[in-house]
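Have the viewer open while you read, as I jump between the two chains.

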Amino acid sequence: MTSLDDRLRDLIRSGGPDAGSLRGDVTEVRARARRRTLRRRAAVGALGTVMVVLGAAGVVWAGASSAPNVVSDDTTLPQSPPSTVPTTTAPPRPSIRDVDFGDMTYDLVCDGRAATLTDGIARLPDTAESHFDVTLGAVSYADAEGDGDEDALVLLQCTFIGAETDSTLQLRVYGMGSGGEASLIGSPQDLENYQNSSVEGMTATVVVDQYAGGVPDCCPTSRAREVWRFDGSAFVLESSTQIPQPGTS
Amino acid sequence: MRRANPATLDFDRFFAEEFPAIVRAAWFVVLDTEVAKEIAQEAFCRALQRWDRIGHYDRPGAWVRTVAIRLAVRSRDRQRRERSVVESGMAGHSVDLDTPELDNIVLEAALRDLPRQQRAALVLRYLCDLDVAELAGVIGCKPSTARVHLHRGRNALAQSIGVPDDIAR
């Protein structure tokens with residue numbers, strides 16, 4: 001006799017679109033990847049330009065403050081910097097703490113889409129009656145990869161606002177890339193049905209509602225405090241402790 | 001004359017071989033061929049950006065499938081329009097009974113009644129042959145949650161397609 005599993009397996013394998021009709025275009029994939037790389041380079045280039053301008057302004061300011069009587073004219077500027085300023089200084093190593101995670105573009109963050117946050121928030125349109133709000137949560141710092149450099153654990157919240165409302169919490173870890181940009185490390189972790197969260201180092205503590213099998217979807221059956229630790233490549237659930245739900249004794 | 005980069009050839013071949021399967025897997029979650037293709041393209045794009053690393057994996061297709069399924073589960077664009085589309089399509093559709101075509105329509109209608117995570121659990125179990133722990137890793141949830149998704153999806157699908165009680169256990 002055919003089991004239910006066999007029946008479902010047959011049904012699903014023979015269903016759906018015919019694989020023969022699903023050829024893709026690899027040139028489209030390559031073009032998309034190229035556009036993305038160019039955008040990233042442009043963003044890094046813009047950041048570098050800003051840093052150079054700020055650095056130059058700092059040198060001018062330092063020179064002006066050390067020689068207040070010098071007329072601001074090219075011909076009167078000192079030909080060499082004061083001896084107290086080294087002529088060749090190695091640029092400071094970029095730190096992940098310099099990254100403004102509230103003004104950054106994140107991919108795959110919400111509904112599989114990219115979100116560019118400004119002042120910690122982005123609104124992604126959905127339909128006329130609904131949208132997604134992406135907001136930056138807590139950020140904490142620790143060395144996730146053991147390379148001696150700090151990395152950042154970043155919490156992002158994606159909230160769907162429409163006829164129903166629900167939120168997903170995404171845990172991400174960023175390190176400082178060689179180009180001075182924040183670079184995603186390992187795999188993000190999505191958590192649903194969460195109530196609140198906090199971070200410390202490479203560990204996030206999240207209170208989540210849990211639903212047992214066979215119980216109607218309306219109501220969580222338990223609540224737990226979960227501790228998720230980033231192990232250098234992915235988040236691992238380190239502990240899950242049951243806690244009382246509000247309204248229960 | 002420029003010589004082709006071997007890594008380029010590898011990715012192109014990988015894409016040609018795996019793309020249809022990835023679209024099919026995504027389709028069972030989003031139930032829309034164009035959306036499934038778009039999701040697959042995005043998943044392969046991300047693989048290409050990391051191809052130096054992913055190209056050395058034993059099963060790079062599994063990585064792409066994971067990305068595609070996660071994108072599909074989180075994709076909402078057409079979710080609220082799905083039901084009306086399939087219902088209107090079925091209303092004007094005449095098919096012979098007991099044919100693969102009818103099976104497909106019934107399956108699609110039944111799947112539309114399920115949340116996407118349940119659809120993902122079903123496709124990963126029955127199309128991709130993953131066990132509960134593996135499919136939990138793909139969906140990005142705990143095994144206990146994945147087991148609930150699979151259990152509920154399996155029961156709901158059995159009821160929708162009218163599986164007799166003697167084999168629905």
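1. Surface of chain B. Bear in mind throughout that this is a predicted model. Chain B has an accessible surface of about 8500 Å², and carbon and sulfur atoms account for 50% of that area. Of the 169 residues in chain B, 51% are buried.

2. Overall build of chain B. Going by secondary structure, chain B has nine helices and zero strands, so the pattern along the sequence reads α-α-α-α-α-α-α-α-α. If you take the contacts in chain B between residues at least 6 apart in sequence, 62% of them join residues at least 24 apart.

3. The main core. The largest nonpolar core contains 63 residues. Which residues have the most contacts inside it? They are Phe11(B), Phe44(B), Ile69(B) and Leu124(B). Helix α1 of chain B, residues 6–30, supplies the largest share of this core, with 12 residues. There is also a second, separate core of 19 residues, and Val109(A), Leu117(A), Leu124(A) and Val154(A) are among its members.

4. Ile69(B) up close. Setting aside residues up to four places away in sequence, Ile69(B) touches Ala25(B), Val29(B), Ala120(B), Val123(B), Leu124(B) and Val138(B). One of these, Leu124(B), is also on the list of residues with the most contacts inside the largest core.

5. The α4/α8 packing in chain B. Two packed helices are described by the angle between their axes and the distance between the axes. For helix α4 (residues 60–74) and helix α8 (residues 132–139) of chain B, the angle is about 65° and the axes lie 8 Å apart. From α4(B), the residues that meet α8(B) are Thr66(B), Ile69(B) and Arg70(B); from α8(B), they are Gly137(B), Val138(B) and Ile139(B). Sorted by class, this contact has three nonpolar, two polar and one charged residues.

6. Ala72(B). This residue is in helix α4 of chain B. Is Ala72(B) buried or exposed? Ala72(B) has a relative accessible area of 0%, so it counts as buried. Leaving out neighbours within four places in sequence, Ala72(B) is in contact with Ala26(B), Val29(B), Val30(B), Ile39(B) and Arg116(B).

7. The four-stranded sheet in chain A. Over in chain A there is an open sheet of four strands, in the order β8-β9-β10-β11 with antiparallel pairing. β8 (194–200) and β11 (235–243) of chain A are the edge strands; each has a single partner strand, so one side of each is left without a neighbour in the sheet. From one strand to the next, the twist averages 20°.

8. β9(A) and its partners. Strands of a sheet pair through backbone hydrogen bonds, either parallel or antiparallel. β9 of chain A (residues 203–210) pairs with β8(A) in the antiparallel sense over six bridges, and Tyr194(A) stands opposite Val208(A) in β9(A). With β10 of chain A (residues 222–230), β9(A) pairs over eight bridges, again in the antiparallel sense; here Thr205(A) has Val227(A) in β10(A) as its bridge partner. β9(A) is mostly covered, with six of its eight residues buried.

9. Positive phi values. Asp119(A) has a phi near 50° and is found in the loop between β2 (113–116) and β3 (121–127) of chain A; at 68% relative accessibility, Asp119(A) counts as exposed. Asp129(B) has a positive phi of about 60° and is in the loop between α7 (116–126) and α8 of chain B. With a relative accessible area of 43%, Asp129(B) is partly exposed.

Definitions and conventions
Residues are numbered from 1 along each chain as its sequence is written. Chains are lettered from A and ligands numbered from 1 in the order in which they are written. This is a predicted model: local features need pLDDT of at least 70, side-chain atom pairs count only at pLDDT 80 or more; totals for chains, interfaces and linings use all residues. Side-chain values use heavy atoms; hydrogens and water are left out. Axes are lines fitted to C-alpha atoms, for helices over the stretch in contact, and angles run from 0 to 180 degrees between N-to-C directions. Helices (H or I, at least four residues) and strands (E, at least two) are DSSP runs, numbered from the N terminus. Contact means heavy atoms within 4.5 Å. Ala, Val, Leu, Ile, Met, Phe, Trp, Tyr, Cys and Pro count as nonpolar, Asp, Glu, Lys and Arg as charged, and the others, Gly among them, as polar. Two strands pair if DSSP finds at least two bridges between them. Buried means under 20% relative accessible area, exposed over 50%, partly exposed in between (1.4 Å probe, protein chains only). Accessible areas come from the Shrake-Rupley method with a 1.4 Å probe; for residues, only the protein chains shown count as cover. A nonpolar core is a set of buried Ala, Val, Leu, Ile, Met, Phe, Trp, Tyr and Cys residues joined through side-chain atoms within 4.5 Å.
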